[in-house]
Amino acid sequence: MSISMWRRRLALVLVPCTLVACGGPELSDAAAVDTVHEQHGALAADVTVSFQRGVSPSSSYAGVSDTWLQEGLPSTNAGADALLRMDRDYPSSSGQSANALLRFDLGTLPPGATVRSVKLTLNVTNRTSGEGFFLYTAGRDWNEAQATWARANSANTWSTPGARGATDRGSSVLGTLLPAATGPYTVTLGAAGIAAVQAWVDNPATNRGFVLDANTNMDGLDLASSETATASQRPQLTVTYTPGFVHPGLHVSRAQLDFVRAKIGAGAQPWLAQFNKAAGGAYANTAWTPKPVPTMQCGNGGSTVDIGCYDSRQDALHAYTLSLLWYHTREQRYADATIRILDAYANTLQTILFIQGDNSTYNGPLQAAWLAELFPRAAEIIRYSGAGWTEEKANRFGDMLKLAVLPRITNGWPGGGSNWNNSMTNGVMNIAVYTNDKALFDKSLGMWRQRVRETYYLTSDGALPVSAPDQRNADGSWKSGAMLSAWRGQTEFGTARVNGISMEACRDFGHATMSIASISQAAETALLQGVDLYSEQETRLIASAEFMARFLVPHAPDKNAQLTIPVDSWLCARRSEYVTKNGQAVPNNTMEMQILPTWEILFNHYVTRKGRSMPSTGALLPRVRAGGSFTDLQISWETLTHAGVGSVGL
């Protein structure tokens, strides 16, 4: 996008306006609770899976290793035995020991999973008494077919024979085995055991399994091993976990990116044209020098203060465009340029100023929202595509998002479903996914569920639109004057012809489209993470898109230009009281048309995936794809990420 176009875009967004219409103070913590009252659990429900040789997770599972070690036969391997024996006096009256090793391959547990509980079930063939036998983590690699009392494997001895040295096993007891009878016996691992299994999930290379041993117990314990003939008697580990986030799974998934990459490689349209626009445009500059500042300050409401604001948006658009080019070409120069931008912000940005009543900081929250919509997309792609970005630096970037950006958007903005709030919702969700913060993701779901109802009106809402908490009286009614101000002079509700109208439609279709973009992008991210927000508001979102598209297709000018058109008397009847342009009140019963480069995500979901009818939106898409701009703040390269991807990767 040219600098002049950016300035026109900035002028569109930064026009002075009323407090309720364009924003206000951040919500207090108490108000924020009201804002997200409709929270639902994030991601999928807890999953329980068992690991047992020849049984589960499938009959082909062979990921159990076990053996027992005999002090009396220090060079003998017992990996093929059908039992595991533990004793502090074996053979009897010898004063010698036997203990066991047991490991389960947990590779099918998804990365990012949070372990909730762990149970170990064993079949006892000879019960014990006394102090019991204890589970410890094994501290070094061992081989089932090679381990002996003296050696962990053919190349390495135990630091202390019998896997009893400080480097051979952990010091914490993970669970105690003290069966009172033969047959199945289950021990539930405590906090230390859960932590051990969690560490194995987080870093599978550290999974060396368990050492089973006792301190003084001379009453031996025998268990069926994974080689026992009866499959149901083999050792079984049962893990309950909460699935983690899918990565990359912010705005776009790996499968979707791969789909588009294949289309580009095949020369297919519209993907190739969009790729060429990206690769040949200003945002593909691999020599771009980012300009982060420690303290960002963004004015509005008459203030022209700009300390790092315009520059950071340019930097974010460069980073996102370059990350897409890296993925589709695998040319390292694109990845390196993206990483340079991301690292610069991780190492520099500390805060985005906002002081209530100070116009020189007024746009801080909106600026934070835009950056939270753009920057994490680039970081997510780079982090999970083998681009050479270290995990330490990726984590540092996430820390910056939480410390400098998140505080300005996490509690939303008064005034209901404006583009500000929808950008904030999308930004909060992006940061939640990037930083693997499930509680924050839950909060973003609540924000979305409330704001989408405030943004678009359906006749099923009643005689008036849904109000935000700060817009209503104690009895739930709209505060005096708040509804007309928020809806920019739209007076008619309750009729079919108003179905789907956006809160900011009478302001201008540019701002209304920004809400379409943020809401659909957040719904797509949520779906990639297993939460179907689309279905919850299908009627509302389809109606909103079709309402706007019916006006845009015949009336909107090309190349992102703006045009004011006359409309029927039921639309924007009191617009002149709430909207100005160039310092002058606009006429009543008019609307300002503008096509911005979004719409792909909603159309792909409802039409391509679900087969719903959106004829006006479908007619609009060719004009969107042929438009003069392919990036517009958070509305960037949607054709290159979501056109025609259907249900790929879901």
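Visitor: Let's begin with C506. Is C506 buried or exposed?
Guide: C506 is buried, because its relative accessibility is 1% and buried means under 20%. Keep in mind that this is a predicted model.

Visitor: What does C506 join to?
Guide: C506 forms a disulfide with C572. The S to S distance is 2.1 Å.

Visitor: Where do C506 and C572 sit in the chain?
Guide: They are 66 residues apart, in distant parts of the chain. C506 is in the loop between helix 13 and helix 14. C572 is in the loop between strand 19 and strand 20.

Visitor: And C572, buried or exposed?
Guide: C572 is buried, at a relative accessible area of 0%.

Visitor: Which hand does the link of C506 and C572 have?
Guide: Left-handed, with -90 degrees about the S-S bond.

Visitor: How many disulfides are there?
Guide: The count is two. A disulfide also joins C298 to C309, with S to S at 2.0 Å. C298 is in strand 16 and C309 is in helix 7, 11 residues apart. Both cysteines, C298 and C309, are buried.

Visitor: Why is the disulfide of C298 and C309 called left-handed?
Guide: The torsion about its S-S bond is about -105 degrees, so the disulfide of C298 and C309 is left-handed.

Visitor: New topic: rings. How many aromatic pairs does a search of the whole structure find?
Guide: It finds 20. One of them is F134 with Y136, which is edge-to-face. Their centres are 6.5 Å apart, with 85 degrees between the planes.

Visitor: Are F134 and Y136 buried or exposed?
Guide: F134 is buried at 11% relative accessible area. Y136 is buried too, at 6%.

Visitor: What about F375 and F397?
Guide: F375 and F397 are also an edge-to-face pair, 5.9 Å centre to centre and 80 degrees between the planes. F375 is in helix 9 and F397 in helix 10. F375 is buried at 1%, and F397 is buried at 0%.

Visitor: Which residues form one aromatic cluster with F375 and F397?
Guide: Y345, W389 and Y434 do.

Visitor: Which charged end sits over the ring of Y434?
Guide: That of R383, 4.9 Å from the ring centre. Elsewhere, R333 lies over the face of Y334, at 4.4 Å from the ring centre.

Visitor: Last one. Where is Q70?
Guide: Q70 is in strand 2. Q70 is buried, at 9% relative accessible area. Beyond its close sequence neighbours, Q70 has contacts including T76, Y90 and W149.

Definitions and conventions
Residues numbered from 1 in each chain as written. Predicted model: local features only at pLDDT ≥ 70, side-chain atom pairs only at ≥ 80, totals over all residues. Heavy atoms only, no water. Helix = DSSP H or I, 4+ residues; strand = E, 2+ residues; numbered from the N terminus. Buried < 20%, exposed > 50% of the residue type's maximum accessible area, 1.4 Å probe, protein only. Contact = heavy atoms within 4.5 Å. Disulfide = S-S within 2.5 Å. Phe/Tyr/Trp six-rings, centres within 6.5 Å; stacked < 30°, edge-to-face > 60°. Lys NZ or Arg CZ within 6 Å of the ring centre and 35° of its normal. Lists of a residue's contacts leave out its neighbours within four places in sequence.
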